[in-house]
Amino acid sequence: MKYVASLTLLLILAIAIFLWREPKPPLITELPPALEYERHAINDVVEWQGKSSKPDLADARSVSEQRAGTPALLKPAPKQVMGMAADLARREAVASSAISITHHSNMIADTNTPMSIPPLSREGYAAKTENRFLSVALSPLSTFGLEVDSASYANLRRQINQGQIPVPASVRLEELINYFDYNFRAPTGKHPIVVMSDYAVAPWNPAHRIAMIGVKAVDTTASSERGARITFLLDTSGSMNSPNKLPLLIRSFQTLLSNLKPADQVAIVTYAGSAGVVLPPTPVTEVYRIQHALANLRAGGSTAGGAGIALAYDVARRQFDSKATNLVILATDGDFNIGASSDGELKAMIEKQRESGVFLSVIGMGTGNYQDAKMQVLAEAGNGVAHYLDSDAEAQRLFGAELTRTLHIAAKDVKVQVEFNPAAVAEYRLLGYESRVMNAEDFRDDKKDSGEIGAGHSVVALYEIIPTGSGATPDIERRYQSRLTSGTTAMELGYVKVRYKKPDGDKGIEFAHAMTTRAKAIESATADLRWASAVAEFSLVLSQSEHAGSAKLNEALRRAKAVLPLMPDNKRIEFIGMIERLTTTRIAQE
């Protein structure tokens, strides 16, 4: 009995000690105190994979089938219904697991400490030389490539929301104008894009005119079966350890996942002091595997951006699909400091890599050390677009509503060449597009690449015109010069030629559009031109343009408010609020 009693006592003591001990987490046993919540987020993801109480894809599919009235174990659902149920299950799984990862992303940086706003002096912007007025007698042709970047607008918004006057060099007029959608008619002919134009008195100089060229792409996303192979290249260096950088980036990835198709694939490459593959090419249906990779992300170390780009292209080639959009998305503040880091080195590397058929788009982020100039170089070299991520709302726009335009290209290498009529135009100036201006002979050179237009996208270009009789006459005598003085062509402002390639083609296709000389008051112009002119006037003021004339913020605001009822949307409402906020900031600082 004594032996049994002793054994019983020892057993009770062992159980008590076991229950008293705090269980250790199964995956990560040592973590810095600041990352304590990160450990739990990772463990939650792994538990969901192993416990039947957590939803997995099979369970969710069964639930969806039962809701549709089809017992999962008694009779199979039709293939289409099963596909829809699986997609619904995947979206529900992404949403539910995103809750844990969102908590994790919020805890990567110390969010208990109020984030101070660093000065803009360490941010890098390229010196910009504005397009000047050119004489039609000497330079009748204007050639440039279209672009749909939006980085400048979001970066400008960030500066204004922080109560700062934006850096003039951060203002790129064409990106501000093209942040918005326009009511251009959709293509109905054989070309995937269509051109329209409008002409009115320039609001900031009554002696000048403003001409708008609008391009609209066909929207084929509903019928397109084109998939996506996305390699996310994430900067996880120490400079990304801030609430508005890596944590925001992780939440943005959740938005991207929930909007991809079940057949799409993603991969994640990170770089800090060195580069590594966090997630090899993985179908988006493998939700928890992806979430686990995200949960392990943390910032620290220096920035070997060149090595990261090379590795990302290597991973992208491994999952390359000729029937899909193959894209590397680089997300960084641009602060490269190890290995290949100069603009020239990185540009040469990317231009060589793009021959593989993989495009590179760039998402810039952060405050204080944001390197905008480098972002522009990388995106242009990679045949992609440049965006700036300043909020969760912008993430919803980029990876939600705008995602189809990024993944489904309607036309690539889109170039515009305008021949101005000397009978109507003395001088002209292209507003913005400084980095996209091309030589006239590049227009038909299909080896010269240009920008892409996504499905359903609209793009605007503006010219400021000095009519014939108003501008200076060049002091150059010419033996040969044609000057139209009568007939239908004399009433043309200019002849617009557009050249593009099909998404999978290498041969340029051309068509043309004639612009009219009938200028109207800006209040009588189309709502599209009135809005674009308001954004342009806002840009001229902020960039401190030498061609701003009498441009004023309050005039841009007045015109924007007048157009809003005709083109109501949240982006336009936000723009009006930005002007009002900036006006208050300027008054306070004067």
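The model is predicted.

**Exercise 1. The open sheet**

Solution. 
Step 1. Write down the order: 6 strands make up this open sheet, β7-β6-β5-β8-β9-β10, and their pairing is mixed.
Step 2. Inspect one pair. Strand β9 (residues 359–365) runs parallel to β10 and is joined to it by 4 bridges. Ile363 stands opposite His387 in β10.

**Exercise 2. Helices on the sheet**

State which strands helix α8 touches, and how many of its residues are buried.

Solution. 
Step 1. Helix α8 (residues 287–295) packs on the sheet and touches β6 (265–271) and β7.
Step 2. Compare directions: that of α8 makes about 165° with that of β7.
Step 3. Count the covered residues. In α8, 7 of 9 residues are buried, which leaves the helix mostly covered. Among them are Val287, Tyr288 and Ile290.
Step 4. Helix α11 (residues 372–381) lies across β8 (324–332), β9 and β10, and runs at about 165° to β9.

**Exercise 3. Two packed helices**

Decide how α9 and α10 are oriented to each other.

Solution. 
Step 1. Two packed helices are described by the angle between their axes and the distance between the axes.
Step 2. For helix α9 (residues 305–318) and helix α10 (residues 343–353) the angle is about 5° and the axes are 11 Å apart.
Step 3. Apply the cut-off: angles under 35 degrees count as roughly parallel. The two helices, α9 and α10, are therefore roughly parallel.
Step 4. List the contact. Helix α9 contributes Gly306, Ile309, Ala310, Tyr313 and Arg317, and α10 contributes Leu346, Met349, Ile350 and Gln353.

**Exercise 4. An aromatic pair**

Classify the ring pair Tyr153 and Tyr179, and say which parts of the chain the pair ties together.

Solution. 
Step 1. Rings pair if their centres lie within 6.5 Å, and planes under 30 degrees apart count as stacked.
Step 2. The centres of Tyr153 and Tyr179 are 3.9 Å apart and the ring planes stand at 15°, so this pair is stacked.
Step 3. Locate the residues. Tyr153 is in helix α5 (residues 151–161), and Tyr179 is in the loop between α6 (173–177) and β3 (193–201), so the pair ties together parts 26 residues apart in sequence.
Step 4. Check burial. Tyr153 is buried at a relative accessible area of 0%, and Tyr179 is buried at 3%.
Step 5. Widen the view. Tyr153 and Tyr179 form one aromatic cluster with Phe180, Trp531, Phe538 and Phe575. Lys571 lies over the face of Tyr179, 5.2 Å from the ring centre.

**Exercise 5. An enclosed strand**

Explain why strand β2 is largely enclosed, and name the bridge partner of Gly145.

Solution. 
Step 1. Strand β2 (residues 141–145) has 4 of its 5 residues buried, so the rest of the structure largely encloses it.
Step 2. Strand β11 (residues 409–420) runs antiparallel to β2, and 5 bridges join the two.
Step 3. The partner of Gly145 in β11 is Lys415.

Conventions. Residues are numbered from 1 along each chain as its sequence is written. This is a predicted model: local features need pLDDT of at least 70, side-chain atom pairs count only at pLDDT 80 or more; totals for chains, interfaces and linings use all residues. Side-chain values use heavy atoms; hydrogens and water are left out. Rings of Phe, Tyr and Trp (its six-membered ring) pair if their centres lie within 6.5 Å; planes under 30 degrees apart count as stacked, over 60 as edge-to-face and the rest as tilted. Buried means under 20% relative accessible area, exposed over 50%, partly exposed in between (1.4 Å probe, protein chains only). A charge sits over a ring if NZ of Lys or CZ of Arg is within 6 Å of the ring centre and within 35 degrees of the ring normal. Two strands pair if DSSP finds at least two bridges between them. Contact means heavy atoms within 4.5 Å. Axes are lines fitted to C-alpha atoms, for helices over the stretch in contact, and angles run from 0 to 180 degrees between N-to-C directions. Angles under 35 degrees count as roughly parallel, over 145 as roughly antiparallel, 65 to 115 as roughly perpendicular and the rest as oblique.
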